[in-house]
Amino acid sequence: MRRINILYLAIPLLLYGMMLVYRSVNRSSASFYGVAENQETEINLEHDATINAIYVTQGQFVTKGTLMLDVTRSLLNYKMSELQHNIASLQVKDQLNTIEIQGRLDRLRAERAEVIGNIQAQIRLLESEEELNRKLFQDLKSIPSDSSTSAHYAVQLEALNEEMRLTVEPIDAEIRQRETALKITTVPTQNEVSSLKEEIKQFEIEKDQLKIYAPADGLVGSIHSQPGENVQAFNALISFYEKNPNMVVAYLHESLSLKIKVGDSLNVTSSLHPEEHCFGRVSGLGHRIVEIPERLRKIPEIKTYGREVLIEIPHDNSFLQKEKVVLHWLNPPTSSLMVFSPWPFASGL
(Lines give C-alpha, C1' and ligand atoms only; values in the text may rest on other atoms or scores of the structure.)
Protein backbone atom coordinates (compact mmCIF):
# COMPACT_ATOMS: atom_id res chain seq x y z
CA MET A 1 0.00 0.00 0.00
CA ARG A 2 1.30 3.37 -1.02
CA ARG A 3 2.03 5.70 1.91
CA ILE A 4 0.86 9.33 1.84
CA ASN A 5 3.51 11.92 2.61
CA ILE A 6 2.29 13.87 5.63
CA LEU A 7 3.92 16.96 4.21
CA TYR A 8 1.26 17.07 1.50
CA LEU A 9 -1.42 17.25 4.17
CA ALA A 10 0.43 19.81 6.25
CA ILE A 11 0.95 22.31 3.44
CA PRO A 12 -2.77 22.97 2.79
CA LEU A 13 -3.41 23.17 6.52
CA LEU A 14 -0.51 25.57 6.89
CA LEU A 15 -1.77 27.74 4.05
CA TYR A 16 -5.28 27.74 5.52
CA GLY A 17 -3.91 28.70 8.92
CA MET A 18 -1.86 31.51 7.39
CA MET A 19 -4.97 32.78 5.65
CA LEU A 20 -6.89 32.77 8.92
CA VAL A 21 -4.06 34.58 10.64
CA TYR A 22 -3.89 37.13 7.82
CA ARG A 23 -7.62 37.72 8.00
CA SER A 24 -7.46 37.98 11.75
CA VAL A 25 -4.59 40.41 11.60
CA ASN A 26 -6.28 42.36 8.85
CA ARG A 27 -9.41 42.70 10.98
CA SER A 28 -7.65 43.26 14.26
CA SER A 29 -7.68 46.69 15.82
CA ALA A 30 -4.73 48.81 14.79
CA SER A 31 -3.37 51.14 17.46
CA PHE A 32 -1.25 54.28 17.20
CA TYR A 33 -0.35 57.20 19.43
CA GLY A 34 -1.46 60.79 19.67
CA VAL A 35 -1.44 63.81 21.95
CA ALA A 36 -4.52 65.43 23.49
CA GLU A 37 -4.61 69.09 22.51
CA ASN A 38 -6.65 72.18 23.30
CA GLN A 39 -7.48 74.59 20.55
CA GLU A 40 -5.39 77.57 21.58
CA THR A 41 -6.74 81.03 20.79
CA GLU A 42 -4.34 83.90 20.15
CA ILE A 43 -5.90 87.18 21.29
CA ASN A 44 -4.77 90.33 19.50
CA LEU A 45 -5.99 93.76 18.48
CA GLU A 46 -6.39 95.42 15.10
CA HIS A 47 -4.55 98.55 16.25
CA ASP A 48 -1.33 99.47 18.01
CA ALA A 49 -1.81 99.59 21.77
CA THR A 50 0.00 100.04 25.08
CA ILE A 51 -0.36 97.45 27.85
CA ASN A 52 -1.67 99.10 31.03
CA ALA A 53 -2.06 96.09 33.30
CA ILE A 54 -2.07 92.29 33.24
CA TYR A 55 -4.43 90.64 35.73
CA VAL A 56 -3.70 86.93 35.10
CA THR A 57 -0.71 84.61 35.11
CA GLN A 58 0.34 81.88 32.74
CA GLY A 59 -1.49 78.62 33.40
CA GLN A 60 -4.16 80.29 35.57
CA PHE A 61 -7.70 78.94 35.33
CA VAL A 62 -10.22 81.71 34.67
CA THR A 63 -13.96 81.79 34.23
CA LYS A 64 -15.73 83.36 31.28
CA GLY A 65 -15.71 87.17 31.46
CA THR A 66 -12.66 87.47 33.72
CA LEU A 67 -10.66 90.62 32.95
CA MET A 68 -7.23 89.49 31.73
CA LEU A 69 -5.64 92.58 30.15
CA ASP A 70 -6.20 96.31 30.13
CA VAL A 71 -4.68 98.28 27.25
CA THR A 72 -4.91 101.79 25.85
CA ARG A 73 -4.52 103.39 22.46
CA SER A 74 -2.91 106.81 22.65
CA LEU A 75 -4.04 107.48 19.09
CA LEU A 76 -7.60 106.62 20.07
CA ASN A 77 -7.56 109.12 22.94
CA TYR A 78 -6.05 111.72 20.62
CA LYS A 79 -8.78 111.14 18.02
CA MET A 80 -11.53 111.39 20.63
CA SER A 81 -10.03 114.63 21.98
CA GLU A 82 -9.78 116.00 18.44
CA LEU A 83 -13.42 115.16 17.75
CA GLN A 84 -14.51 116.83 20.99
CA HIS A 85 -12.53 119.93 19.98
CA ASN A 86 -14.17 119.91 16.53
CA ILE A 87 -17.61 119.68 18.11
CA ALA A 88 -16.85 122.61 20.44
CA SER A 89 -15.52 124.66 17.50
CA LEU A 90 -18.62 123.95 15.44
CA GLN A 91 -20.91 124.90 18.31
CA VAL A 92 -19.02 128.17 18.91
CA LYS A 93 -19.07 128.96 15.21
CA ASP A 94 -22.78 128.22 15.10
CA GLN A 95 -23.42 130.47 18.09
CA LEU A 96 -21.43 133.31 16.51
CA ASN A 97 -23.33 132.87 13.24
CA THR A 98 -26.64 132.92 15.11
CA ILE A 99 -25.62 136.04 17.02
CA GLU A 100 -24.59 137.72 13.76
CA ILE A 101 -27.88 136.90 12.04
CA GLN A 102 -29.89 137.94 15.10
CA GLY A 103 -27.93 141.19 15.30
CA ARG A 104 -28.64 141.92 11.65
CA LEU A 105 -32.33 141.17 12.23
CA ASP A 106 -32.44 143.57 15.16
CA ARG A 107 -30.78 146.30 13.07
CA LEU A 108 -33.21 145.75 10.19
CA ARG A 109 -36.20 145.88 12.49
CA ALA A 110 -34.86 149.04 14.09
CA GLU A 111 -34.21 150.54 10.64
CA ARG A 112 -37.73 149.62 9.54
CA ALA A 113 -39.24 151.14 12.63
CA GLU A 114 -37.15 154.30 12.14
CA VAL A 115 -38.18 154.64 8.48
CA ILE A 116 -41.83 154.08 9.28
CA GLY A 117 -41.63 156.47 12.22
CA ASN A 118 -40.05 159.24 10.18
CA ILE A 119 -42.52 158.96 7.31
CA GLN A 120 -45.48 158.63 9.68
CA ALA A 121 -44.27 161.79 11.44
CA GLN A 122 -44.21 163.58 8.09
CA ILE A 123 -47.69 162.24 7.33
CA ARG A 124 -49.00 163.46 10.70
CA LEU A 125 -47.38 166.85 10.10
CA LEU A 126 -48.94 167.05 6.65
CA GLU A 127 -52.33 166.03 8.02
CA SER A 128 -52.01 168.68 10.72
CA GLU A 129 -51.21 171.36 8.17
CA GLU A 130 -54.18 170.31 6.06
CA GLU A 131 -56.48 170.36 9.07
CA LEU A 132 -55.19 173.77 10.08
CA ASN A 133 -55.69 175.20 6.61
CA ARG A 134 -59.18 173.75 6.45
CA LYS A 135 -60.13 175.42 9.74
CA LEU A 136 -58.69 178.74 8.60
CA PHE A 137 -60.79 178.67 5.47
CA GLN A 138 -63.86 177.76 7.55
CA ASP A 139 -63.27 180.76 9.85
CA LEU A 140 -62.77 183.09 6.93
CA LYS A 141 -66.10 182.62 5.18
CA SER A 142 -65.41 185.53 2.85
CA ILE A 143 -62.55 183.53 1.30
CA PRO A 144 -63.74 180.61 -0.79
CA SER A 145 -62.21 177.17 -0.10
CA ASP A 146 -59.36 176.28 -2.50
CA SER A 147 -59.81 172.73 -3.77
CA SER A 148 -56.36 172.78 -5.29
CA THR A 149 -54.85 173.04 -1.79
CA SER A 150 -56.67 169.90 -0.66
CA ALA A 151 -55.53 168.09 -3.77
CA HIS A 152 -51.98 169.20 -3.09
CA TYR A 153 -52.08 167.69 0.40
CA ALA A 154 -53.56 164.47 -0.96
CA VAL A 155 -50.75 164.17 -3.50
CA GLN A 156 -48.13 164.75 -0.81
CA LEU A 157 -49.80 162.22 1.47
CA GLU A 158 -49.90 159.64 -1.29
CA ALA A 159 -46.24 160.31 -2.06
CA LEU A 160 -45.25 159.75 1.57
CA ASN A 161 -47.22 156.48 1.76
CA GLU A 162 -45.58 155.32 -1.47
CA GLU A 163 -42.15 156.28 -0.13
CA MET A 164 -42.84 154.29 3.04
CA ARG A 165 -43.96 151.28 0.99
CA LEU A 166 -40.93 151.39 -1.29
CA THR A 167 -38.56 151.81 1.65
CA VAL A 168 -40.12 149.17 3.94
CA GLU A 169 -40.68 146.40 1.38
CA PRO A 170 -36.94 145.66 0.80
CA ILE A 171 -36.35 145.78 4.53
CA ASP A 172 -39.24 143.34 5.12
CA ALA A 173 -37.87 141.02 2.43
CA GLU A 174 -34.44 141.00 4.04
CA ILE A 175 -36.00 140.47 7.48
CA ARG A 176 -37.89 137.41 6.18
CA GLN A 177 -34.68 136.13 4.60
CA ARG A 178 -32.77 136.58 7.85
CA GLU A 179 -35.52 134.93 9.89
CA THR A 180 -35.44 131.89 7.56
CA ALA A 181 -31.65 131.78 7.77
CA LEU A 182 -31.89 131.94 11.57
CA LYS A 183 -34.18 128.91 11.60
CA ILE A 184 -32.02 126.73 9.33
CA THR A 185 -28.55 127.99 10.18
CA THR A 186 -28.11 125.46 12.99
CA VAL A 187 -29.27 122.44 10.94
CA PRO A 188 -25.99 121.73 9.07
CA THR A 189 -24.01 122.22 12.26
CA GLN A 190 -26.33 119.94 14.20
CA ASN A 191 -25.97 117.25 11.52
CA GLU A 192 -22.20 117.55 11.56
CA VAL A 193 -22.11 117.50 15.36
CA SER A 194 -24.32 114.39 15.39
CA SER A 195 -21.95 112.69 12.94
CA LEU A 196 -18.94 113.56 15.11
CA LYS A 197 -20.72 112.33 18.24
CA GLU A 198 -21.44 109.04 16.46
CA GLU A 199 -17.74 108.73 15.70
CA ILE A 200 -16.96 109.36 19.37
CA LYS A 201 -19.47 106.67 20.32
CA GLN A 202 -17.73 104.19 18.02
CA PHE A 203 -14.37 105.10 19.53
CA GLU A 204 -15.83 104.59 23.01
CA ILE A 205 -16.96 101.11 21.95
CA GLU A 206 -13.44 100.45 20.68
CA LYS A 207 -12.04 101.80 23.94
CA ASP A 208 -14.22 99.39 25.91
CA GLN A 209 -12.98 96.56 23.69
CA LEU A 210 -9.44 97.34 24.83
CA LYS A 211 -10.29 95.44 28.00
CA ILE A 212 -9.52 91.82 27.20
CA TYR A 213 -11.88 89.34 28.87
CA ALA A 214 -11.74 85.55 28.95
CA PRO A 215 -13.95 84.24 26.11
CA ALA A 216 -14.87 81.08 28.06
CA ASP A 217 -13.88 79.03 31.07
CA GLY A 218 -10.34 77.91 30.47
CA LEU A 219 -6.63 78.35 31.05
CA VAL A 220 -4.34 81.26 30.31
CA GLY A 221 -1.61 80.23 27.91
CA SER A 222 1.38 82.35 26.98
CA ILE A 223 1.48 86.04 27.88
CA HIS A 224 3.35 87.79 25.09
CA SER A 225 3.60 91.29 26.56
CA GLN A 226 4.47 93.25 29.69
CA PRO A 227 2.86 96.29 31.36
CA GLY A 228 3.97 99.49 29.67
CA GLU A 229 4.94 97.72 26.47
CA ASN A 230 3.78 99.05 23.11
CA VAL A 231 2.34 96.25 20.99
CA GLN A 232 1.85 96.54 17.26
CA ALA A 233 -1.44 95.71 15.56
CA PHE A 234 -2.28 91.99 15.17
CA ASN A 235 0.62 90.91 17.41
CA ALA A 236 -0.48 88.30 19.94
CA LEU A 237 -1.15 89.72 23.41
CA ILE A 238 -2.13 86.55 25.20
CA SER A 239 -3.13 83.00 24.34
CA PHE A 240 -6.11 81.20 25.84
CA TYR A 241 -7.35 77.64 25.67
CA GLU A 242 -10.20 75.67 27.19
CA LYS A 243 -9.57 73.56 30.26
CA ASN A 244 -10.15 70.16 28.66
CA PRO A 245 -8.64 69.05 25.36
CA ASN A 246 -11.08 68.92 22.48
CA MET A 247 -8.94 67.19 19.90
CA VAL A 248 -6.15 64.67 19.46
CA VAL A 249 -3.25 65.08 17.06
CA ALA A 250 -1.99 61.63 16.08
CA TYR A 251 0.33 60.06 13.49
CA LEU A 252 -0.72 56.92 11.66
CA HIS A 253 2.03 54.73 10.24
CA GLU A 254 2.35 55.08 6.48
CA SER A 255 1.43 51.44 5.97
CA LEU A 256 -2.06 52.18 7.29
CA SER A 257 -2.42 55.76 6.15
CA LEU A 258 -4.51 54.96 3.07
CA LYS A 259 -7.03 52.86 4.98
CA ILE A 260 -8.33 55.27 7.57
CA LYS A 261 -11.03 57.72 6.50
CA VAL A 262 -12.58 60.94 7.78
CA GLY A 263 -15.53 59.98 9.97
CA ASP A 264 -14.02 56.73 11.29
CA SER A 265 -14.58 56.12 14.99
CA LEU A 266 -11.71 55.54 17.36
CA ASN A 267 -11.31 54.50 20.97
CA VAL A 268 -9.07 57.05 22.72
CA THR A 269 -7.34 55.82 25.89
CA SER A 270 -4.83 57.50 28.20
CA SER A 271 -1.40 55.85 27.91
CA LEU A 272 -0.82 56.25 31.67
CA HIS A 273 -4.35 55.71 32.95
CA PRO A 274 -6.12 53.08 30.82
CA GLU A 275 -9.33 53.56 32.77
CA GLU A 276 -9.60 57.06 31.28
CA HIS A 277 -10.97 56.77 27.79
CA CYS A 278 -13.53 58.16 25.37
CA PHE A 279 -14.56 57.76 21.76
CA GLY A 280 -13.46 60.10 19.01
CA ARG A 281 -14.05 60.70 15.34
CA VAL A 282 -11.52 61.36 12.61
CA SER A 283 -12.05 64.97 11.51
CA GLY A 284 -9.06 65.49 9.24
CA LEU A 285 -6.16 63.79 7.50
CA GLY A 286 -2.80 65.21 6.51
CA HIS A 287 -1.94 65.32 2.81
CA ARG A 288 1.67 64.23 3.12
CA ILE A 289 3.88 61.72 4.89
CA VAL A 290 5.95 63.24 7.70
CA GLU A 291 8.33 61.98 10.34
CA ILE A 292 6.46 60.76 13.40
CA PRO A 293 7.60 62.60 16.58
CA GLU A 294 9.82 60.49 18.82
CA ARG A 295 7.33 60.56 21.67
CA LEU A 296 4.65 59.00 19.47
CA ARG A 297 6.73 56.19 17.97
CA LYS A 298 6.18 52.64 19.12
CA ILE A 299 9.96 52.25 19.15
CA PRO A 300 11.34 55.75 19.91
CA GLU A 301 14.85 54.94 18.68
CA ILE A 302 13.71 54.04 15.16
CA LYS A 303 12.59 56.82 12.86
CA THR A 304 9.22 56.10 11.34
CA TYR A 305 6.97 58.04 9.03
CA GLY A 306 3.27 58.45 8.81
CA ARG A 307 0.29 60.66 8.16
CA GLU A 308 -1.09 63.23 10.56
CA VAL A 309 -4.60 62.47 11.80
CA LEU A 310 -6.91 64.89 13.64
CA ILE A 311 -9.51 63.35 15.96
CA GLU A 312 -12.37 65.18 17.62
CA ILE A 313 -13.13 64.14 21.18
CA PRO A 314 -15.95 65.19 23.56
CA HIS A 315 -15.35 68.25 25.72
CA ASP A 316 -16.20 66.37 28.93
CA ASN A 317 -13.12 64.12 28.71
CA SER A 318 -10.63 63.80 31.57
CA PHE A 319 -7.40 64.04 29.58
CA LEU A 320 -4.71 66.53 30.43
CA GLN A 321 -3.31 69.06 28.00
CA LYS A 322 -0.53 67.38 25.93
CA GLU A 323 -1.30 63.99 27.45
CA LYS A 324 -0.18 61.00 25.39
CA VAL A 325 -3.08 58.77 24.34
CA VAL A 326 -3.49 55.50 22.48
CA LEU A 327 -5.97 55.29 19.61
CA HIS A 328 -7.52 51.98 18.61
CA TRP A 329 -9.00 51.70 15.15
CA LEU A 330 -10.76 48.66 13.70
CA ASN A 331 -9.98 47.95 10.03
CA PRO A 332 -12.28 47.21 8.22
CA PRO A 333 -15.13 48.10 8.81
CA THR A 334 -15.79 50.62 11.56
CA SER A 335 -19.45 49.72 11.92
CA SER A 336 -18.75 47.06 14.54
CA LEU A 337 -17.06 49.70 16.65
CA MET A 338 -19.95 52.08 16.21
CA VAL A 339 -22.46 49.62 17.65
CA PHE A 340 -21.20 50.17 21.16
CA SER A 341 -19.80 53.67 20.62
CA PRO A 342 -21.52 56.37 22.68
CA TRP A 343 -19.80 58.97 20.54
CA PRO A 344 -22.48 61.44 19.37
CA PHE A 345 -21.28 61.42 15.74
CA ALA A 346 -21.57 57.65 15.36
CA SER A 347 -25.22 57.71 14.35
CA GLY A 348 -24.40 59.86 11.36
CA LEU A 349 -21.66 57.59 9.98
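Glu-37 is buried, at 16% relative accessibility; buried means under 20% relative accessible area, exposed over 50% and partly exposed in between, with a 1.4 Å probe and protein chains only. The model is predicted: local features need pLDDT of at least 70, side-chain atom pairs count only at pLDDT 80 or more, and totals for chains, interfaces and linings use all residues. Residues are numbered from 1 along each chain as its sequence is written, and side-chain values use heavy atoms, with hydrogens and water left out.

Glu-37 forms a salt bridge with Lys-322 (3.0 Å, N to O), a salt bridge being a side-chain nitrogen of Lys or Arg within 4 Å of a carboxyl oxygen of Asp or Glu. The two residues are 285 apart in the chain, Glu-37 in strand 1 (residues 29–37) and Lys-322 in the loop between strand 13 (305–312) and strand 14 (324–330). Strands (E, at least two residues) are DSSP runs, numbered from the N terminus. Lys-322 is partly exposed, at 43%.

The structure holds 12 salt bridges. Among them, Arg-297 and Glu-291 meet at 2.6 Å, N to O; Arg-297 is buried at 8%, whereas Glu-291 is partly exposed at 36%. Arg-104, Glu-174 and Arg-178 are linked in a network of salt bridges.

Strand 3 (residues 49–54) pairs with strand 8 over 2 bridges, and Ala-49 has Val-231 as its bridge partner.

Methods:
Two strands pair if DSSP finds at least two bridges between them. Helices (H or I, at least four residues) and strands (E, at least two) are DSSP runs, numbered from the N terminus.
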